[in-house]
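Please open the model in a viewer and keep the sequence panel at hand.

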Amino acid sequence: VTHLVVGVCAGALNGMILNQLAVVKYHTWNNREGISFWRAARQLYQQGGISCFFKGMNVTGVRDTVFGAVYETLRAFFLTTSLKSPPSPTTTTTVPSTTASSTPSRKTQLQPETHLSYFVINMISGVIATVASAPFNYARSIKYSIPA
């Protein structure tokens, strides 16, 4: 449940912060003149005021929330089920401690197969989350294409 909440919050925050930039980006893609980002932002503001920068924010928020929730939840599930035993670190060196403690600290490095496992788990979680949130990309494109 914690990972679900983290994913939902991260997705919602991402959607709220980046939607305005996406509106301008979409406007530059639709413009045949090849205008700059700042000129497109100025045109949008002149056409529709500040409210046009919030166009499609609800769909973007849902899309990013779905992605974040699915990704974080699946990632946590795969990590706990596939890596049941904690990764076995390899001790590389013993470094003298700089604290008052008499025990030396150790630098550890994860095994290469652990890195590959994390990569595969992250990749699979990302692919499934992208597929789950893809319909909202279409809905967002439709929202962005409606004139201000």
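The stops below concern helix packing, individual residues and aromatic pairs.

**Conventions**

This is a predicted model, in which local features need pLDDT of at least 70 and side-chain atom pairs count only at pLDDT 80 or more, while totals for chains, interfaces and linings use all residues. Residues are numbered from 1 along each chain as its sequence is written, and side-chain values use heavy atoms, with hydrogens and water left out.

**Stop 1: helices α1 and α2**

Select residues 2-30, helix α1, together with residues 37-48, helix α2. Helices are DSSP runs (H or I, at least four residues), numbered from the N terminus. Two packed helices are described by the angle between their axes and the distance between the axes. Here the angle is about 100 degrees and the axes are 9 Å apart; axes are lines fitted to C-alpha atoms over the stretch in contact, and angles run from 0 to 180 degrees between N-to-C directions. The two helices α1 and α2 are therefore roughly perpendicular (a term for angles of 65 to 115 degrees).

Next, display the side chains where these helices meet: L21, V23, V24, K25, H27 and T28 from α1, against F37, A40, A41, Q43, L44 and Q47 from α2. Contact means heavy atoms within 4.5 Å. By class, the contact of α1 with α2 comprises seven nonpolar, four polar and one charged residues; Ala, Val, Leu, Ile, Met, Phe, Trp, Tyr, Cys and Pro count as nonpolar, Asp, Glu, Lys and Arg as charged, and the others, Gly among them, as polar.

Centre the view on Q43, in helix α2. Is Q43 buried or exposed? With 18% relative accessibility, Q43 counts as buried (buried is under 20% relative accessible area, exposed over 50%, partly exposed in between, with a 1.4 Å probe and protein chains only). Apart from neighbours within four places in sequence, Q43 contacts H27, N31 and I35.

**Stop 2: helices α1 and α3**

On the α1 side, the residues in contact include H3, L4, G7, G11 and G15; on the α3 side, M57, T60, D64, G68 and E72 are among them. By class, the contact of α1 with α3 has eight nonpolar, 11 polar and two charged residues.

Select T60, which is found in helix α3. At 2% relative accessibility, T60 is buried. Setting aside neighbours within four places in sequence, T60 touches G15, N19, R140 and Y144.

Then move to C9 in helix α1, which is partly exposed at a relative accessible area of 47%. The C-alpha atoms of C9 and G68 are 7.8 Å apart, although 59 residues separate the two along the chain.

**Stop 3: aromatic pairs**

How many aromatic pairs does a search of the whole structure find? The search finds three, pairs being Phe, Tyr or Trp rings (six-membered ring for Trp) with centres within 6.5 Å; planes under 30 degrees apart count as stacked, over 60 as edge-to-face and the rest as tilted.

Select F67 and Y71: their ring centres are 5.9 Å apart and their planes lie at 5 degrees, so the pair is stacked. Both residues lie in helix α3, four residues apart, about one turn of the helix. F67 is partly exposed, with a relative accessible area of 29%.

Finally, select F77 and F78, a tilted pair with 5.7 Å centre to centre and 55 degrees between the planes. F77 is partly exposed at 46% relative accessible area, and F78 is partly exposed at 23%.

Conventions
Parallel < 35°, antiparallel > 145°, perpendicular 65-115°, else oblique.
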